[in-house]
Amino acid sequence: MRLKFWGTRGSIPSPGCGREYYGGNTPCLELITSSGLQIIVDAGTGVRELGNYMVANNIVAKNSYLFLTHFHWDHIQGLPFFVPAYTLGNEFFVVGVEEDKETLRQIVSSQMKPPYFPVGFEAIENQLNFLNLFPNGSEIEGIKVYFTHTNHPQKTLAFRFEEGRKTVTFMTDCELSSHAKDARPIEFFAEFCKDSDYLIVDAQFTEQELCNRSGWGHSSNMDALKLASLSRSKTLILFHHDPNHDDELIDRMVKDVISSANEKKIDIACFAARDYDSFDI
Ligand SMILES: [Zn+2]
C-alpha cells in the first residue's frame, strides 16, 4: 500500500505564515493498494489538489472509493472542486454514514444546492455511486475494511484498512477522553486500532487546550499517544491539526509525544501528518 496525505488540517483551511511546512488543506488522504485500487478518505480541500494531480497525470478513476468520515465542512468542502468527479468515464463509490432521515446521496448533494454553490449536483452524480459498508467488515478487492463510530458531536466513522499483514487505521474527529454519558472509552478504540502499522489519529489540541474544549469532539496529542500505546500500534501519526497552530507548535507537540513515550518506555515512532507527504507501507 502507498499512503499520501493531501490535507491534514482540521476545522478550516489555514494557509499562511508559519504553516508552510505542514500545510493548510483540510482532511484528505489517499491509499493506493498493491493492486492499484484507489481509496480516498475524506474530501476536504486537499481533494482538490488530488483531483488536479489525477488530471495532470491522466489518471482515470476506475472503481475508486471515496470514504467520508462525516459531513462537517472541513471533510467535504473540496468535493465540488474535485475535477475527476465531473469527468465522464470516471467512477467513484462513495461510502459513509447515513443520517436518520437523509440518505448519503442527499447529504452529499446538499452542499451543491443554491445558494451554496453555482454548479448543481447533477454535474457529478453520474460518476458517483453510493454504498453502505457491512457492520462486521467489508472486503474490497482484497482489502478488508472495518469501521466504528467515534466520540464526536456529529455521527462520525473511523476506518481500518487491512491489506495482507499491513494495517492502516484512520481515526479523525474523535474525543478519546470524552466524558459524555454515551461516550466510548479509549480502551474500546484501542481494540479497534489494535496492532496498526500506521495509526492516524485526531490530535488537534495540546493537553492544556483540551481542558477548555471538552465536548468539541477532538483529542490531544497525549490522548493519541495513549491510544497508540494501548493498541500496540507501531507508528503514530498526529492528524487534524488545529488551524491556530503553526509549524513550530505542531513540532513541539510531536516532541512532547516522543519524550513522553521515551519516559514511559513505549516503543513507538511518531510524527505529524503533513500535506503532500507520502510513503510505502
Ligand atoms: Zn474535522
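Colleagues, the model is predicted, so local features need pLDDT of at least 70, side-chain atom pairs count only at pLDDT 80 or more, and totals for chains, interfaces and linings use all residues. Residues are numbered from 1 along each chain as its sequence is written.

I begin with the sheet. Seven strands form an open sheet in the order 7-8-9-10-11-12-13, with mixed pairing; strands are DSSP runs of E, at least two residues, and helices are runs of H or I, at least four residues, numbered from the N terminus. Two strands pair if DSSP finds at least two bridges between them. Strand 7 (138-140) and strand 13 (269-272) stand at the edges, each with a single partner strand, so one side of each has no neighbour in the sheet. On average, neighbouring strands of this sheet are turned by 20° against each other, direction ignored.

Within this sheet, strand 11 (residues 198-202) pairs with strand 12 (residues 235-239) in the parallel sense over five bridges. Y198 stands opposite T235 in strand 12.

Next, the helices. Helix 6 lies across strand 11 and strand 12, running at about 150° to strand 12. Axes here are lines fitted to C-alpha atoms, for helices over the stretch in contact, and angles run from 0 to 180 degrees between N-to-C directions. Helix 7 (residues 247-263) lies across strand 12 and strand 13, at about 170° to strand 13.

How do helix 4 and helix 6 pack, and at what angle? Helix 4 (residues 186-193) and helix 6 (residues 221-230) pack at about 55°, with their axes 8 Å apart. They are therefore oblique to each other, a term for angles that are not under 35 degrees (roughly parallel), over 145 (roughly antiparallel) or 65 to 115 (roughly perpendicular). I186, E187, F189, A190 and C193 of helix 4 make the contact with K226, L227 and L230 of helix 6, contact meaning C-beta atoms, placed from the backbone, within 7 Å.

In helix 1 (residues 46-56), G46, V47, R48, L50, G51 and M54 are buried. Buried means that 20 or more other C-beta atoms lie within 10 Å of a residue's own, against 12 or fewer for exposed and partly exposed in between. These buried residues pack against strand 1 (2-7), strand 2 (28-32) and strand 3 (38-41). S64, in strand 4 (residues 64-68), is buried, with 20 other C-beta atoms within 10 Å.

How values were computed: Contact = placed C-beta atoms within 7 Å.
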